[in-house]
Amino acid sequence: MSFKNILENFSYYRRDAEDGGHHEYDHRFGMTIDLDICTGCNSCSTACYAENNLAVVGKERFEKGQAMHWMRVERYWDNIEGDYAEEGAKFLPMLCQNCGAATCEPVCPVAATYHTPDGLNAQVYNRCIGSRYCSNNCPFRVRYFNFWSYYEDSWPEPLNMQLNPDLSVRDKGVMEKCTFCIQRIRTAKDKAQREERVMADGDVVTACAQACPTGAIVFGDTMDPDSRVSKLWEKHQVHRGPFLQKKDKTNEEIRGYRIFDELNVDPSILYLERVRDTEV
Amino acid sequence: MQVERRTLLRKLVCSLRGRMRMKTVTIKQLLSFSVLAFVVSILPAKSYAELPVPAHITPPVGEHESPIVPQPIEFPHDRHVNDMKINCMYCHTYARRSKVAGIPPTSKCMGCHKVIATDKPRIQQLTEYWEKGESPKWLKVHDVPDYVHFTHEKHIRKFVFDEKFPVEDVQQVCGLCHGEVRGMTVAEKKKPLNMGFCQRCHEANGGPGDCWACHK
């Protein structure tokens, strides 16, 4: 980006965040996670490990907080008395929210993390120098750092044969994160291009959405008004953009919310609140 | 008659080596050999015209020198491409269908070489592999790092099929990244195939500039 370029396109680069900022989006991929259907079975997490070449770090490193689970199922209890109450557990699958106004992007010293035209918050692994600034700036704590060269012991022969060739195996000193299975998006785009059509809803299914036994996770393009995801966003009166949502709070049917919406980071994941039949 | 300087030199050296082993070489012969070798080495390197660049492509710029890879069989590309006029995509048939161009299976070689040139030592070597039911362990020459996503299919579609470029001239397009394969025996890496090489061509020909279009 030269200085001349900035002068010529000044109004374009100064565009409001509500108009998409300076991004020209082809797609804006988003997700909906229905916490009412989620059973906390962890199959999304397992699928993510298999799809994205995630290293299994072992118990000791896990306790140090060096786990590499891009998708983790967080547990919360309504009943706060006692350590593990018998009822009142809530599960919240937490993955990278692929924020539209991501806090991790502007702090990267080498521009290894950036916004793709698909609305994804992508990480270029071979560009990353491992400053870990992005991870410290992420309010969701969903960026994971390779403290070790895990490939040496995480996939002993013949387990290395299960590695996904569409995604590189990250080495020591590199930050990594969920990118909504960008390799599947790429494959679907190539397929659509080959068949000379535009991408339709359901062409891309992320590994977690595919593995979810109850169908709690719905993935799709929020820019496409006919996709399942954008219909859910519309139904629950949540819209894209980094500003606080105005929704009908009296209607109990509307239970959509985005985590840390007040930070104005424009997360791409819509969570649907859990409904309780009884008081815990 | 087409003259390939390197092949001639190799033949000369081989025959000299054979005579020296038989201890029948004389000073006179040695002298005539060196004179012959000198004459051969000043012959023009190739007797065919340079590959033309297709009009719709701004070619990528860059040169690369690398040692010749020791392949299990010294496969003569020049003989197949130049003399026999076989299309690149007859053997590398996956180039137009998938990410990788593909090495042909031994059965494809045997399709012709069951009957053609069966007296040549390289073909006999190939027949040995075929009869044992093994494939020659070809070594990869044009290799990009693991973090690079490259698709032959998309490039062939853009530069050949979308432009209605005649498929029989496809080596002009392949040659932009693979060099003049018709002048080589085993394939050699003649272009750098690094990020600058790709990026300059993408800028000149309107390819994607997004990091994740090529990195993974």
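A crossing of two helices is left-handed if the near helix is turned anticlockwise from the far one by less than a right angle, and right-handed if clockwise. The structure is a predicted model, in which local features need pLDDT of at least 70 and side-chain atom pairs count only at pLDDT 80 or more, whereas totals for chains, interfaces and linings use all residues. Residues are numbered from 1 along each chain as its sequence is written, while chains are lettered from A and ligands numbered from 1 in the order in which they are written.

Chain B has 10 helices and zero strands, these elements being DSSP runs numbered from the N terminus (helices H or I, at least four residues; strands E, at least two). Of the 216 residues in chain B, 12% are buried, a residue being buried if 20 or more other C-beta atoms, placed from the backbone, lie within 10 Å of its own. Among the contacts in chain B with a separation of 6 or more, 73% join residues 24 or more positions apart, where contact requires C-beta atoms, placed from the backbone, within 7 Å.

Within chain B, helix α5 (residues 106-113) packs against helix α6 (residues 121-132) at an angle of about 130°, with axes 10 Å apart; axes are lines fitted to C-alpha atoms over the stretch in contact, and angles run from 0 to 180 degrees between N-to-C directions. That angle makes α5(B) oblique to α6(B), as angles under 35 degrees count as roughly parallel, over 145 as roughly antiparallel, 65 to 115 as roughly perpendicular and the rest as oblique. The crossing of α5(B) and α6(B) is left-handed. Thr106(B), Cys109(B), Met110(B) and His113(B) of α5(B) make the contact with Ile123(B), Leu126(B), Tyr129(B) and Trp130(B) of α6(B). By class, this contact has six nonpolar, two polar and no charged residues, with Ala, Val, Leu, Ile, Met, Phe, Trp, Tyr, Cys and Pro counted as nonpolar, Asp, Glu, Lys and Arg as charged, and the others, Gly among them, as polar.

Methods:
Two residues are in contact if their C-beta atoms, placed from the backbone, lie within 7 Å.
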